[in-house]
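I opened my notebook to go through this structure piece by piece. Here is what I looked up.

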Amino acid sequence: MRFSKKAVLAELEKMYPDAKPELNFSNPYETLVAVMLSAQCTDKQVNKVTPALFERYPTVADMAAASVEDVYPMVKSCGFKTKATNIVQACRLIMQNHGGEVPDDMKQLMALPGVGQKTANVVMAHAFNVPAIAVDTHVFRVSNRIGLAEAKNVEETERQLQKAIPKKDWVKAHHWLIFHGRRVCHARNPQCAACGIQPWCKAAKAEGGAVSTPKPQKKNATLDV
Ligand code: SF4
């Protein structure tokens, strides 16, 4: 079938009509912390640690006043100590520079320790409802396999997806691609035979089933932190 971005997006929407963030959060502070914890960690694991974490440190001010030594044991199962250090330090900077409110500005978010472009995009989209396409490992792999993007790095992928997808659908499309990457278009052994996108997918056509896993060439904070 002839490649059609419109058809691909329509099929993804049909496949994942309820696609939404799989992280649990209820305000910009919780969004920021949950997304920082989710780098190199599953959303499921993050969701296990955040209820106790947010109960003990319910606000930016509480987290800013915490010691890394106290926070780290609570988030240890989500990764290295650097994450706890970055979260505490980010909250201290938010107190110092933004009156305790998580900034709704990409540049200001990316000035916080441990916050790369992907994290900032997710926070902008989910905490502030600003259209954004966060390119994580799933979005990069799936969009470049399908042909929605044909890019070697995350920045270019983000730019191409912004052109290919109507702005009103950026946030939804981000979730469609993540859902598809987690459920069907796995990094190893993508389930092409069972995939609704297969009729249009450039990788499946070009490689006759032996689909490779595109990796960003340039090390970039978008697949961060
Ligand atoms: S056809 Fe295969 S490579 Fe293409 S999107 Fe589907 S699972 Fe991924």
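**Entry 1: Glutamate 11**

I began with glutamate 11, which lies in helix 1, residues 5–15. I kept in mind that this is a predicted model. Is glutamate 11 buried or exposed? Its relative accessibility is 15%, and buried means under 20%, so glutamate 11 counts as buried. I then listed what it touches, leaving out residues up to four places away in sequence. The contacts of glutamate 11 are Gly196, Ile197 and Trp200.

**Entry 2: Helix 2**

Next I went to helix 2, which spans residues 28–38. How many of its 11 residues are buried? I found 10, so the helix is mostly covered. The buried ones are Tyr29, Glu30, Thr31, Leu32, Val33, Ala34, Val35, Met36, Leu37 and Ser38.

I wanted to know what covers them. The cover includes helix 3 (43–56), helix 4 (60–64) and helix 5 (68–75). Helix 6 (81–98) and helix 8 are also part of the cover.

Then I checked the N-terminal end of helix 2. Asparagine 27 caps it. A side-chain oxygen of asparagine 27 lies 3.1 Å from the backbone nitrogen of tyrosine 29.

**Entry 3: Two positive phi values**

I moved on to the backbone just after helix 2. Glutamine 40 has a positive phi of about 60 degrees there. I noted this since most residues other than glycine have a negative phi. Glutamine 40 is a residue other than glycine, yet its phi is positive. Where does glutamine 40 sit? I found it in the loop between helix 2 and helix 3. Its relative accessibility is 68%, so glutamine 40 counts as exposed.

I found another positive phi at asparagine 189, about 55 degrees. Asparagine 189 is not a glycine either. Its place is the loop between helix 11 and helix 12 (202–207). With a relative accessible area of 60%, asparagine 189 is exposed.

**Entry 4: Helix 10 and glutamate 158**

Helix 10 covers residues 154–164. I wrote down its buried residues: Val154, Glu155, Thr157, Glu158, Leu161 and Ala164. What covers them? The list includes helix 1, helix 8 (117–128), helix 9 (137–146) and helix 11 (170–183).

Helix 10 has an N-terminal cap, asparagine 153. Its side-chain oxygen lies 3.3 Å from the backbone nitrogen of glutamate 155.

At 8% relative accessibility, glutamate 158 counts as buried. Leaving out residues up to four places away in sequence, I found that glutamate 158 touches Gln117, Asn121, Ile133 and Val135. With glutamine 117 there is a polar contact, side chain to side chain, at 2.6 Å. I also looked up the spacing to aspartate 136. Glutamate 158 and aspartate 136 are 22 residues apart in sequence. In space they are 9.8 Å apart, C-alpha to C-alpha.

**Entry 5: Asparagine 144**

Asparagine 144 belongs to helix 9. Is asparagine 144 buried or exposed? It counts as buried, because its relative accessibility is 15%. Which backbone atoms does its side chain reach? I found the backbone oxygen of phenylalanine 140 at 2.9 Å. I also found the backbone nitrogen of alanine 151 at 2.7 Å. Not counting residues up to four places away in sequence, asparagine 144 touches Val139, Ala149, Glu150, Ala151, Thr157 and Pro214.

**Entry 6: The ligand and cysteine 185**

I ended with the ligand. What space does the ligand take? The answer is the largest cavity. Around the ligand I listed Arg145, Ile146, His180, Cys185, Pro190, Cys192, Cys195, Gln198, Cys201, Ala204 and Val211. I sorted this shell by class: eight nonpolar residues, two polar and one charged.

Cysteine 185 lies in the loop between helix 11 and helix 12. With a relative accessible area of 10%, cysteine 185 is buried. Leaving out residues up to four places away in sequence, it touches Arg141, Val142, Arg145, His180 and Pro190. Cysteine 185 and cysteine 195 are 10 residues apart in sequence. Their C-alpha atoms are 7.9 Å apart in space.

Technical notes
Residues are numbered from 1 along each chain as its sequence is written. This is a predicted model: local features need pLDDT of at least 70, side-chain atom pairs count only at pLDDT 80 or more; totals for chains, interfaces and linings use all residues. Side-chain values use heavy atoms; hydrogens and water are left out. Helices (H or I, at least four residues) and strands (E, at least two) are DSSP runs, numbered from the N terminus. Buried means under 20% relative accessible area, exposed over 50%, partly exposed in between (1.4 Å probe, protein chains only). Contact means heavy atoms within 4.5 Å. A polar contact is a pair of N or O atoms within 3.5 Å; within protein, one must be able to donate a hydrogen and the other to accept it, and residues adjacent in sequence count only if both atoms are side-chain atoms. A residue is near a molecule or strand if one of its heavy atoms lies within 4 Å of it. On a 1 Å grid over the protein atoms alone, a cavity is a set of points where a 1.4 Å probe fits but cannot get out, and a pocket is an open set with protein on both sides within 12 Å along at least five of seven lines; lining residues have an atom within 4 Å of a point. A molecule sits in a cavity or pocket if more than half of its atoms lie within 2 Å of its grid points. Ala, Val, Leu, Ile, Met, Phe, Trp, Tyr, Cys and Pro count as nonpolar, Asp, Glu, Lys and Arg as charged, and the others, Gly among them, as polar.
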